[in-house]
Protein chains: 2
Amino acid sequence: MNIAVAQSGGPTSAINASLLGVINAALDSKEIETVFGSFYGIEGVINNNFVNLNEIFESEYNRQLLRQTPSTYLGSCRYKLPDFEKNPPVYEVIADRFKEKNIGAFFYIGGNDSMDTTDKLSNYFKQIGSDIKVIGVPKTIDNDLYCTDHTPGFGSAAKYLTACLQEITRDASVYNMKSVVIAETMGRNAGWLAASSCVLHKCGNKAPHLIYLPEVEFSVEKFVNDVKAQLSKNDTVIVVLSEGIDIEGSTYMSENRDEFGHGFLSGGGKFLENVVKKEIGCKVRSMELSVLQRCSAFMSSLTDIKEAEQIGSAAVKEALRGTTGVMMCFERISNSPYEVKITTVPAGKVANYEKKVPTEWINKEKNNVKDIAIEYFLPLIQGEQEFIMENGIPKHIIANN
Amino acid sequence: MNIAVAQSGGPTSAINASLLGVINAALDSKEIETVFGSFYGIEGVINNNFVNLNEIFESEYNRQLLRQTPSTYLGSCRYKLPDFEKNPPVYEVIADRFKEKNIGAFFYIGGNDSMDTTDKLSNYFKQIGSDIKVIGVPKTIDNDLYCTDHTPGFGSAAKYLTACLQEITRDASVYNMKSVVIAETMGRNAGWLAASSCVLHKCGNKAPHLIYLPEVEFSVEKFVNDVKAQLSKNDTVIVVLSEGIDIEGSTYMSENRDEFGHGFLSGGGKFLENVVKKEIGCKVRSMELSVLQRCSAFMSSLTDIKEAEQIGSAAVKEALRGTTGVMMCFERISNSPYEVKITTVPAGKVANYEKKVPTEWINKEKNNVKDIAIEYFLPLIQGEQEFIMENGIPKHIIANN
C-alpha cells in the first residue's frame with residue numbers, strides 16, 4: 001500500500017522533522033511502497049496535488065536538509081473540513097483520491113484544528129467501512145494541545161525565545177539609565193511560550209522581571225505599578241507579554257479572523273509601550289518577536305527536532321498496527337533524567353480545545369512564573385542541531401509545487 | 001604603564017570580541033600592566049568608574065564567554081565630548097584620571113561619533129604635550145565608516161539578517177495565496193545592511209524580490225507598481241526596506257533625537273504595509289527586525305568575530321609603536337580567497353561622516369541590488385562560532401557595575 005502525509009496550521013521549525021519521521025518509517029517498512037505528500041494540507045488531497053516523497057528523500061543529504069528547514073515543506077492550509085452532514089461530496093472526493101492512489105493511511109501533522117480534521121475523516125472512513133487509517137501528529141509552538149505533555153515545535157520556539165530575551169536584555173542594559181523593554185510573544189490564548197522564558201531565571205538573570213500570561217486577569221493600572229516597582233530596583237526592566245492577553249482599553253483585538261475564527265492577537269506591546277511613556281516617562285521599547293519565533297531553526301532545540309522525528313515515525317507504526325482516529329502524544333516519565341514515552345489519544349478529545357498553563361505555576365502577584373515551571377521547560381530546550389551551511393547560512397530544501 | 005578601554009554607541013555582537021582583542025594584546029605585552037575598563041564609554045573615565053579587566057579575563061573560560069556575549073560588556077554611552085574651547089574642564093578631568101591610573105593609552109571601540117571623541121582627545125593630549133595615545137577601534141552594524149573596507153559587527157548583522165530573511169521567506173510561503181512581507185532593517189542613513197540580503201539570491205532564492213536603500217530616491221507610487229509586478233510573477237513577495245528611507249507622506253521620521261542628533265528612523269514598514277493593504281489588498285505583514293539584528297550572537301559570523309578580535313589587538317600594538325589619533329581599518333586585498341590587512345587612518349577623517357552603498361551596485365529600477373555586490377558581502381558572513389551553553393542557551397558574562 002501507499003500512504004499520504006500533509007502539514008497544516010502555522011509553521012514551526014520542527015514540523016518538517018515530523019514529516020521526515022513519517023518518511024523514514026515508510027522507507028523502513030516493507031508494507032509501504034510510496035509516501036505521497038499532499039501540498040497545502042488536506043486541500044492537496046482534494047485538489048489532487050501530490051508529490052512522490054520517496055524519490056526526493058532517498059538521499060540522506062536531502063533528509064538532513066528537510067530536518068533543518070523550518071516551516072512546512074509541503075505548504076499548509078487553514079481549510080476547515082466541514083461536518084459530513086453539511087458537505088458529503090468533499091468526503092467522497094477525498095476517499096476517491098485515496099482509492100486512486102491506493103492510500104491505506106493518512107497522516108496529518110498539525111494543531112488542534114488538524115485534529116478536528118483527523119477525527120472527522122477517521123470517523124467517515126469507519127462509517128463507510130473503509131480500512132483507511134487517519135492519524136494526527138501534533139505540532140504547534142503554542143503547546144496548547146490537550147492530552148500530550150508538550151507539542152513538537154514548542155521546545156524550539158521556547159529555546160529561541162529564551163535565547164533572544166537574554167540577548168535583548170544585554171542590548172537593553174548598555175546605557176546608564178532606566179529603561180523598559182516589552183517583548184510580545186506568540187501563543188494565542190495560552191501562555192506557554194511566554195511562560196517558558198522563566199528559564200532565564202535559572203541562568204542568573206533577573207529578567208524577565210515581569211511575565212504576563214493570558215491565564216490570569218490583566219489590569220493596566222496594576223501593570224504600571226508592577227513596572228514602577230521593578231524600576232525602583234533595576235535599571236532595565238524586561239517584560240514578557242503573551243499576545244493572547246485581553247487588555248482593557250486596547251483596540252488591538254483585531255480586524256481579521258481566519259476560517260477557524262482565530263483573530264490576530266498582536267499589538268498589546270505597542271499599546272503598553274505608550275502607557276509606559278505616558279505614565280512613567282522612561283525610555284521604553286516594545287517589540288514583537290514576530291514569525292521568527294515559530295520559524296527560526298538556527299536556535300532550535302535538538303531535543304525537539306529529535307522528538308518531532310520520532311513521533312512522526314511512531315504514527316506510521318501505529319497505523320500499521322491498525323489504529324485510526326488518534327493523535328500521537330508524549331507522556332513525561334521524568335524530568336531528570338528527562339524521559340518521555342509516545343502514546344495515543346482519540347483525536348476527538350484534542351480537537352478544538354486549548355490546554356492552558358497551570359495557574360499554580362503563576363506567582364501570587366500574577367506577574368511572573370514560579371521556579372517550579374522551570375523543571376517542565378528546561379528539558380525541552382536542550383541541545384543544538386548541526387547544519388549544512390551554504391554561502392554562510394543554513395541550506396534549505398524547497399519543494400517544486 | 002596601564003591602558004584603558006571603553007565601548008560606545010549601539011551594541012553589536014562583535015564589540016566584545018574587540019574588547020577581548022585589546023585585553024589579549026595587553027596580556028601578551030611586557031609593557032602593559034593593567035587594562036582598565038571604563039564603564040559607560042568615556043563617561044566612565046570622567047566619573048572614575050573603572051574595572052580591572054586583567055583579573056577577570058586571565059581565565060580562558062571567561063575570555064570565551066566574552067567572545068560569545070553580544071552587546072557591550074562595559075556598557076555604552078551617547079555622550080558627545082564637547083569641543084575643547086567650549087568645555088576645557090572635562091578634558092582636564094580625563095587627563096587627571098589617566099594620570100591617577102598611569103594610563104598611557106586609551107582605546108575607544110565605537111562608530112563615527114566615537115571617532116570624533118578619539119580625534120578630539122588625541123589632539124588635546126598632543127597640545128598639552130602629553131604622551132598618552134588615543135586610538136579608535138571601529139564598530140557598527142551600519143558599516144557606514146569611511147576609510148575601512150567594512151566594520152566589525154557588520155558581518156554578523158548581515159549574516160543574521162540574511163539567515164532570518166531566508167526563514168521569513170519559508171514562513172511566508174506556506175499558504176497557497178498571494179502575500180507580501182516587508183522586513184525593515186537597521187542601518188541609519190546607509191543601506192549596507194539591507195543591501196547585504198542580496199546574498200540570498202546566490203542561495204537560489206528570488207527573495208528578496210525588492211530591496212530599497214536610502215541611497216536612492218523612494219516613491220510610494222513606484223513601490224506599489226514594483227510590488228504589483230512582482231506579485232504577477234510570484235505568490236510571495238519579500239521586500240527589504242532600509243530604515244533610513246525617506247518616505248513621502250509617512251510621518252515616521254520621528255519625535256526623538258539623541259545627543260548626536262540621530263533620530264529614530266523605524267516605522268516605514270508599517271506605513272508601507274498599510275499602503276499595500278489599501279492599494280493592492282493582498283495579505284501583507286510588516287516586521288521590524290529590531291535590536292536582534294545588532295545583538296544576536298547565535299548566528300554571528302566567525303569571520304567577523306575573529307576580525308573584531310584581531311583589530312582590537314592591532315590597536316594596542318599600534319599604540320605601543322607610538323601612534324595616536326587614528327582609527328584602525330580593514331583594507332581588502334582580495335575577495336577570493338578572502339584577504340584583508342589592518343591599517344590606520346586619522347580619526348578626524350572618519351568622524352561624523354557616513355559611507356554610503358555605491359550607487360553602481362543598485363539596479364537601474366532602483367529596487368534591488370546587483371550580483372556584483374554579493375562578492376563584497378559574501379566573505380564577511382562566513383563561519384559560525386561555537387558556544388559554551390548553559391541551561392540550553394549560550395552562556396553570557398555580565399559585569400558587576
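In chain B of this predicted model, three elements, α7 (154-172), β6 (179-185) and β9 (283-288), each supply at least two residues of the lining of the largest cavity. Of these, β9(B) gives the most, with four residues. The lining of the largest cavity comprises 15 residues, and those nearest its centre are B:D171, B:A172, B:V181, B:K283 and B:R285. Sorted by class, this lining has ten nonpolar, one polar and four charged residues.

A search of the whole structure finds two cavities of 30 Å³ or more. The second largest cavity holds about 80 Å³ of space. Residues of both chains line the second largest cavity: from chain A come A:Y160, A:M287, A:E288, A:L289, A:S290 and A:L292, and from chain B come B:M287, B:E288, B:L289, B:S290 and B:L292. The elements that give two or more residues to this lining are β9 (283-288) of chain A and β9 of chain B. By class, the lining of the second largest cavity has seven nonpolar, two polar and two charged residues.

The account now turns to the helices of chain B. Helix α1 (residues 15-28) of chain B meets helix α13 (residues 302-320) of chain B, where the two axes come within 7 Å and cross at roughly 45 degrees. That angle makes α1(B) oblique to α13(B). The crossing in which α1(B) passes α13(B) is right-handed. On the side of α1(B), the contact is made by B:A17, B:S18, B:L20, B:G21, B:V22, B:N24, B:A25 and B:A26, which meet B:I305, B:A308, B:E309, B:I311, B:G312, B:S313 and B:V316 in α13(B). By class, this contact of α1(B) with α13(B) has nine nonpolar, five polar and one charged residues.

Helix α1(B) also packs with helix α4 (residues 60-68) of chain B, at an angle of about 150 degrees and with the axes 7 Å apart. Angles over 145 degrees count as roughly antiparallel, and α1(B) and α4(B) are therefore roughly antiparallel to each other. Here α1(B) passes α4(B) in a left-handed crossing. In this contact, B:N16, B:L19, B:L20, B:I23, B:N24 and B:L27 of α1(B) meet B:R63, B:L66 and B:R67 of α4(B). The residues of the contact of α1(B) with α4(B) divide into five nonpolar, two polar and two charged. Both B:L20 and B:N24 take part in the contact of α1(B) with α13(B) and in the contact of α1(B) with α4(B).

Key:
Residues numbered from 1 in each chain as written. Chains lettered and ligands numbered in written order. Predicted model: local features only at pLDDT ≥ 70, side-chain atom pairs only at ≥ 80, totals over all residues. Heavy atoms only, no water. Axes fitted to C-alpha atoms, helices over the stretch in contact; angles between N-to-C directions. Parallel < 35°, antiparallel > 145°, perpendicular 65-115°, else oblique. Left-handed = near helix turned anticlockwise from the far one by under 90°. Contact = heavy atoms within 4.5 Å. Nonpolar A, V, L, I, M, F, W, Y, C, P; charged D, E, K, R; others polar. 1 Å grid on protein atoms, 1.4 Å probe; cavity = no way out; pocket = protein on both sides within 12 Å on 5 of 7 lines; lining within 4 Å. Points joined across faces, edges and corners; volume = space filled by probe spheres on them.
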